[in-house]
Amino acid sequence: MAKEKFYITTPIYYPSDKLHIGHSYCTVATDTMARYKRLRGYDVMFLTGTDEHGQKIERIATGQGMTPKEYTDKVVAGIKDLWKLMEISYDRFIRTTDDYHVKAVQKIFKQLYDQGDIYKSSYEGWYCTPCESFFTETQLKDGKCPDCGRDVELLKEESYFFRLSKYGDKIIKYYEENPEFLQPNTRQNEMIANFLKPGLEDLAVSRTSFKWGVPVEFDPGHIVYVWIDALSNYVTAMGYGSDNDADYQKYWPADVHVVGKEIVRFHAIIWPAMLMALNMPLPKKVFGHGWLVINGGKMSKSVGNVVDPVVLVEKYGVDAIRYFLLREIAFGQDGNFTNEALIQRINSDLANDLGNLVSRTCGMIEKYFGGKLPADRAETEFDADLKAVAAATIPVVEAKMDNMLFSDALIEIWNLIRRTNKYIDETQPWVLCKDEAKKAELANALYNVAESIRIISILIQPFMPLTPAKIWAQLNIAAGELTEWESTKTWGLLPAELAVQKGETLFPRIDMKKELEALEAAIKASQATSIANQKKEEEKKEEPKKEEAKAPAHEEPEYPAEITIDDFCKVQLKVGEVIESNEVPKSKKLLRNVVKFGDEERVIFSGIKSTYAPGELVGKRVVVAYNLKPRKMMGEMSYGMILCAEDSDGKLSILTTLDENFESGSAIS
């Protein structure tokens, strides 16, 4: 009998040289669902990947002296390393630069054009470069991007348009007929109220102002914009538009697209409209999860509040981090990340509840029976309730998981863990061991605890992929029939004469105060290393590619004008922290930066747009000519100059401080 199929996806991630714990949150949740479905016997296809085209990538790559493909190759390798560290069990990884994807996107674009769903016109709208999104005037929030809050610029260019307006009523009707399509329900309400009811506008789906993208085959001056390029990955990865579309026929429609709430609009409005136009089935569900926030704000590299998952995994192990992300936050809602909350979860749930349960059970079997339980057992009055709780837990966990309620599922599992710990307190093995006549009851009690641990180890597998095997090693059982999901529904499958092998503590307790200090130091060290590595890259870029020609012997070499030490002392240099860095409309060179010097903030315009993308400098400590005479630029006063190095090709490199502890406003002498 063929297995039931289950196709689940994450969004394809925009290549970034520093994925933070917020990116890991989405992927860990998707991986947990994929692992759960595999345990239930499904034929699972788990897709992730990278969205590699666009103006921002082109600018960053150029600024680093690389081609866009060279830059994305480097970054994608880092993303795959992170997913390996986080135990992400994806089945397929797509890159939008893959040849098969490019060809399929061109076919999709041409089909939509030939049938009249794409037409050529000109576009004028408000554009956010970091988000690569256009917005209407009414969609802006306080004149800024409604998704990221950054400045937008008014752009006008020739473009191809997708007739999105044609599908608004059809999408509303689809929502009504398929109330489970967009989850949580609040996301559906947002889409209807904010976008569908006011009326959809046709969507620009090509660009001419940059070249890094999929060329429109029949009009090479245009490249296919992100909507059709990126969203199509869910079907092109399965072979749609190729000579072999067997996987598309097998797995599509997807069972669930897991996405962050900021891109729900793309997946719940634009993507369904595209599929309707192509006469293709829609995905069964789009689940828009919330953000991982710090101090109420979305985690973001440009804001400088990111948390490095590598640091956390190295300190606490991947299972502890995965558990925290899925237990602490109700999937679908925003959740706050703090180091204190992380350590508290590790201590209370993992060390006290689960780790202690396994440790003391194996320890008592070793102490009272030399590591091997006798087959002769006698029931106690507490057995029935423990077995009933275990039996009742499993269907509830399944129901929670089927609805992607990960935190709720873990609550149910931990209720069983705590009930098992309570059972130990009820049966009191330390008392039974003193009475030879009670040895059969003692053996029974410890067997029941071990059997409950076996069931618990299976239930936690989707969330914590490494811990179950460590538990099985202590219970002396191998992966197989005793560790399959369905075996949780039968009590008493452990061998009658159970032999245990006590191992290391699964989750040692942590000293909160000392650990917080150590964690802060580790995070700072990681950030310092990142800055140092970036500095090395900048220094490499500044090295001349060729040795400069020496001046002929008969000519006097030219020297720069000399100044005295008194002249130099007039220049006041200070360390400033960039807190904003935005594009300047109508300027090809300038970025408008807000730089902080202690409690003072200054606007400083810099002609660095060719090298640095807007927002790229946020969080960096730069060297500023502080007492430079202010001058008016683009209708606004600029106070000072951010110092840069410039190579022979005109490429710039901002002068930064390596020591993060160097306070903004510090004088340089």
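I looked up T32 and found T32 buried, with a relative accessible area of 0% (buried means under 20%, 1.4 Å probe, protein chains only). This is a predicted model, in which local features need pLDDT of at least 70, side-chain atom pairs count only at pLDDT 80 or more, and totals for chains, interfaces and linings use all residues. Residues are numbered from 1 along each chain as its sequence is written, and side-chain values use heavy atoms, with hydrogens and water left out.

T32 sits in helix α1 (residues 21–39); helices are DSSP runs of H or I, at least four residues, numbered from the N terminus. I listed the contacts of T32 (heavy atoms within 4.5 Å): leaving aside neighbours within four places in sequence, they are R322, L326, M401, F406, P462 and F463. The T32 side chain also reaches the backbone oxygen of P462 at 3.4 Å.

Next I checked the cores. A nonpolar core is a set of buried Ala, Val, Leu, Ile, Met, Phe, Trp, Tyr and Cys residues joined through side-chain atoms within 4.5 Å. The largest has 107 residues, and Y316, L354, I413 and W414 touch the most other members. Helix α13 (residues 339–369) gives this core its largest share, 14 residues. Not counting residues up to four places away in sequence, W414 touches Y323, D349, L350, D353, L354, I460 and M464. I also noted a second, separate core of 66 residues, which includes I94, V102, Y123 and A268.

Methods. Buried means under 20% relative accessible area, exposed over 50%, partly exposed in between (1.4 Å probe, protein chains only). Helices (H or I, at least four residues) and strands (E, at least two) are DSSP runs, numbered from the N terminus. A polar contact is a pair of N or O atoms within 3.5 Å; within protein, one must be able to donate a hydrogen and the other to accept it, and residues adjacent in sequence count only if both atoms are side-chain atoms.
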